[in-house]
Amino acid sequence: MLRLAPALIIALLVLPVGAGLLMVLLPAFGYLPALGGHTASLAPWQMLFAQPGLERSVAISFASGLVSTALALMMVVLFLAASRGTWLDRSIRRLVSPLLAIPHAAIAFGFAFLIAPSGLVARLISPSLTGWERPPDALIVNDPLGLSLMAGLVLKEVPFLLLMSLAALPQLAPEKRLMLARSLGYSPTIAWLKTVLPSLYPLIRLPVYAVIAYATSVVDMALILGPTLPPTLSVSILGWFNDPDISHRFMASAAAVLQLGITLAALLCWWLLEQLIRTLTRGWLTDGSRQRGETALRLFGRSALLISSSMALAALIGLGLFSVAGFWRFPEVLPQMLTLDHWQRSGSMLASPLLTTALVGLISTTLATALVLATLENEHRQHLQPKRSLWLLYLPLLVPQIAFLFGLIVAAESVGIRPQLGLVIAGHLLFVLPYVYLSLAEAYRQLDPRWLQVARSLGVSRSAAFWRVRLPLLLAPLLTAFAVGLAISIGQYLPTQLLGAGRVTTVTTEAVALAAGSNRRLIGVWALVQAGLPLIGFMLALTLPRLLGAQHREHAS
Amino acid sequence: MPTDLNPLRGTFSTALATTLSTAMLALALPAMANPDPSDWQNVVAEAEGQTVYWNAWGGDTRTNRYIEWVAEQMQAQFGIEVEHVKLDDTGSAVARVLAEKQAGNSDDGSIDLIWINGENFAAMRENDLLFGPFAEALPHFALTNAAENPEVVTDFTLPTEGYESPWGKAQITFYYDSAQTEAPPQDMPSLLDWAEENPGQFSYPRIPDFTGSTFLKQALIELTEQDEALYQPVSESDFEAVTEPLWAYLDALHPHLWRSGRTFPDSGPNLRTLMSDGELSLAFSFYPTDAAVAVMEYELPESVRSYVLAGGTLGNVHFVAIPYNSPHKAGAMVLADFLLSPQAQAEKQSLAMWGDRSVLDIAQLDAADQALFQQGERHPSELPADALSNTLPEPHPSWMTALQDAWLERYGVN
């Protein structure tokens, strides 16, 4: 049974992505019999390339993916290099993992309100410092270069990359490396960059690739923060797929294929940059310089992450204020009155989506965790090296959602699978599984094998050793992985909406539907609910091991 | 790993083959027998116990609350379960029916009723995605007095031919903060003057948004000399010549808009949020009661007032339609009929519930039913009741698409 796990996992992930891509590729070349497309043609592509502003859409999708990832990675790396385990450093770390849990759309709404000309920041300094009685007519959110989109992406990418790095770090024994380098006279930040980073990067490379793929094709954040004339390619694609003029579907399919190409091009470009940087820094790594740049790097490393985390936090506070706001106009810093109306009005509509969200999240994450554990345990028992083909696990993260989901519904319909809860859960599994694997694999492989050897030598069977020794020892990373999985499931919009035909309503689908009404007070309520659920998951993941650990110790004494 | 992967490759290609062959097979299957709307008793009997999935835009909590009320009534009166599938874009429901048709699912679709009008209706009709005719056979349909009120059987100049049933009425309504603006503009030329004097305080939603596109049509009707051309398919007239005054107008207007016309609000409701933030001083909505509702919900100040342009504004009727592959057509028809009942229409029109105008010919109702429509005092931010008589009919739907394409061509890249 266990031996089948890796194959099963890959089938579960590769089949849907492959089938979905196929069903997008065919219409991209004119084949869609239901609409009278029976012969292959290049017409969809001609129509696509005739769209005004296509080049700019493509350029912004490509650039926002690369720039935001580079910035986020730099911030995380320099923070780790500069962090010294002080109180502030530890609090930032603690703050960051719950931030990971907050859905993109919620952060984007809050962030937009923070930086808009009539937003929180402008209100804080108006009219006292600026003299503005009315909000200035400045184009900040939705700027044509996509800068606010990139900033929003960075806010969400930083917690993810930091968590992935923190999970990978222990196996590198960074303290030993640092101590050695310090004894040779390297200043701390430089020492970290020269001795730890070169070994750390290969371990977080796949997560970095996943971030690039996500950022080049993101829809929800781009809708809220991204440029509009023209929008990013992914936003255009969504519009074309939903266009009532049905001939647009051919072009939308071609555009989805183009999106895949852009994501791949961005990944290729990043890979080339990796090679370039490796060559360029080879000299610096070994030139023996011990101090140069220390202060600047340390300052940047500590402040950048602090700023981005506080921005994310401020965005949430803004949402919270709106959810209880009465009339509240610029330049008032606080609402004229507070009211619970918005919460009360939403109250009755919250129950059923909350239940569905919990159900879908728990089932898909439990399945994902079980499959990942089975794969890892199989690897351990067969003494296999982590396999190359396991990169297939990341396929759903590397192929943009928008490129295969529309095709996936057609594929599912064709084999008679109707939209329903089960299909939604299976769809969530596609995205939850890779993240659970990412979060758990290293901790699993790094667990000291001697614990299990001792257990076996005491006559315990393999499976008893797994259940009674390995799992309890891995409780903390297991719960974190579970919380990450839950957060991913809760945040899914497109898969839930498309695979459930809108019948499966989660807090996220409700939040997006309400967002169309642009009532910021209600958006505040729903975004907080959406953010609150995974937060609870993370709190539990952080506190449970301690509580259980304390119990264990009590039993022992 | 290669050994582990081998069986997988087999499964993958087999599954693909199955996928394709099933798709082709399904295309050949005949549809199930549809309920006959003229035999109403049978329809009601068949409907009992069905679950109707009603796909309707879900961006407004008041609409959502009304639909919830409808669902309760349907359960109590007919034993029909109504599930509101909340959409962020009605186009996505059209796309869903299309995807089902593409996959050969012709009798077990996922949508039973859809809130629709205009170009979405035109697109679904053109591709035979709707069930019908059924609307004129609904018992309550007679109350609309269609002979006198042709707008309930005409959707953007297209005859509905019974493929959708009227539900409510909308009309472009402007609103402004009377504490900041004394004399709001009353027609398109004075709107331009007003924008020049108050730069950055007016805008319209980005095309292809529905409300934004309606603004283009509104401006075109006022500016062009060739009004009659707008009520024919666009292919029958000289598009450039008819729309020339519109583009000249927009070229002049855009530099004075919010953000100098370099970006536009993303939807009709978004205009309201910008009013609320104090970024705009003048805005418009498709729902005449929108401003009053926003005041009640703390979004706008109490000094907000609504009005209709001097020469009238565009108005239209919104409908419900049944996709051709709905498995619960009987339930959907009973629901569409209930929506036309005086009880449901009056509840919908009440400002405390939703505030959407009725499609019934209220003067023709009997006294008891007329009494249902008596409202309490008018909200000060609401439009005076007589203002809405000045309704301009919607142009042919092909104009909407043509205007959208031309706008994107001109202003889509800044």
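Me: How many residues does the contact take from chain B, and how many from chain A?

Reply: The contact takes 72 residues from chain B and 64 residues from chain A. Two residues are in contact if their C-beta atoms, placed from the backbone, lie within 7 Å. This is a predicted model: local features need pLDDT of at least 70, side-chain atom pairs count only at pLDDT 80 or more, and totals for chains, interfaces and linings use all residues. Residues are numbered from 1 along each chain as its sequence is written, while chains are lettered from A and ligands numbered from 1 in the order in which they are written.

Me: At what angle do α5(B) and α14(B) pack?

Reply: The angle is about 110 degrees, and the axes are 9 Å apart. Axes are lines fitted to C-alpha atoms, for helices over the stretch in contact, and angles run from 0 to 180 degrees between N-to-C directions. α5(B) and α14(B) are therefore roughly perpendicular to each other. Angles under 35 degrees count as roughly parallel, over 145 as roughly antiparallel, 65 to 115 as roughly perpendicular and the rest as oblique.

Me: Which residues make that contact?

Reply: From α5(B) they are B:Gly118, B:Glu119 and B:Ala122, and from α14(B) they are B:Pro397, B:Met400 and B:Thr401. By class, this contact of α5(B) with α14(B) has three nonpolar, two polar and one charged residues.

Me: Changing topic: how many helices and strands does chain B have?

Reply: Chain B has 14 helices and eleven strands. Its radius of gyration is 24 Å, close to the 22 Å that the globule rule gives for 414 residues, so chain B is as compact as a globular protein of that length. The radius of gyration is taken over C-alpha atoms, and the globule rule is 2.2 Å times the number of residues to the power 0.38.

Me: What about the secondary structure of chain A?

Reply: Chain A comes to 24 helices and zero strands. For chain A the radius of gyration is 25 Å, close to the 24 Å of the globule rule for 557 residues, so this chain is as compact as a globular protein of that length.

Me: Where is confidence lowest in chain A?

Reply: It is lowest in helix α4 (residues 87-101) of chain A, at a mean of 77, and highest in helix α3 (residues 54-82) of chain A, at 95. The average pLDDT of chain A is 87, and 97% of the residues score at least 70. pLDDT is the predictor's confidence in each residue, from 0 to 100.

Me: Is α12(B) largely enclosed or exposed?

Reply: Six of the eight residues of helix α12 (residues 342-349) of chain B are buried, so the helix is largely enclosed by the rest of the structure. A residue is buried if 20 or more other C-beta atoms lie within 10 Å of its own, exposed if 12 or fewer, and partly exposed in between; C-beta atoms are placed from the backbone. Among the buried residues of α12(B) are B:Pro342, B:Ala344 and B:Lys348. The cover of these buried residues includes α3 (61-78), β6 (165-171), α11 (329-339) and α13 (367-372) of chain B.

Me: Which residues does A:Val372 touch?

Reply: Not counting residues up to four places away in sequence, A:Val372 touches A:Leu433, A:Val436, A:Tyr437 and A:Leu440. A:Val372 lies in helix α15 (residues 341-381) of chain A and is buried, with 27 other C-beta atoms within 10 Å.

Me: What is phi of B:Phe156, and is that residue buried or exposed?

Reply: Phi of B:Phe156 is near 50 degrees, a positive value in a residue other than glycine. B:Phe156 is buried, with 21 other C-beta atoms within 10 Å. Its place is the loop between β4 and β5 (158-159) of chain B.

Definitions and conventions
Helices (H or I, at least four residues) and strands (E, at least two) are DSSP runs, numbered from the N terminus. Ala, Val, Leu, Ile, Met, Phe, Trp, Tyr, Cys and Pro count as nonpolar, Asp, Glu, Lys and Arg as charged, and the others, Gly among them, as polar.
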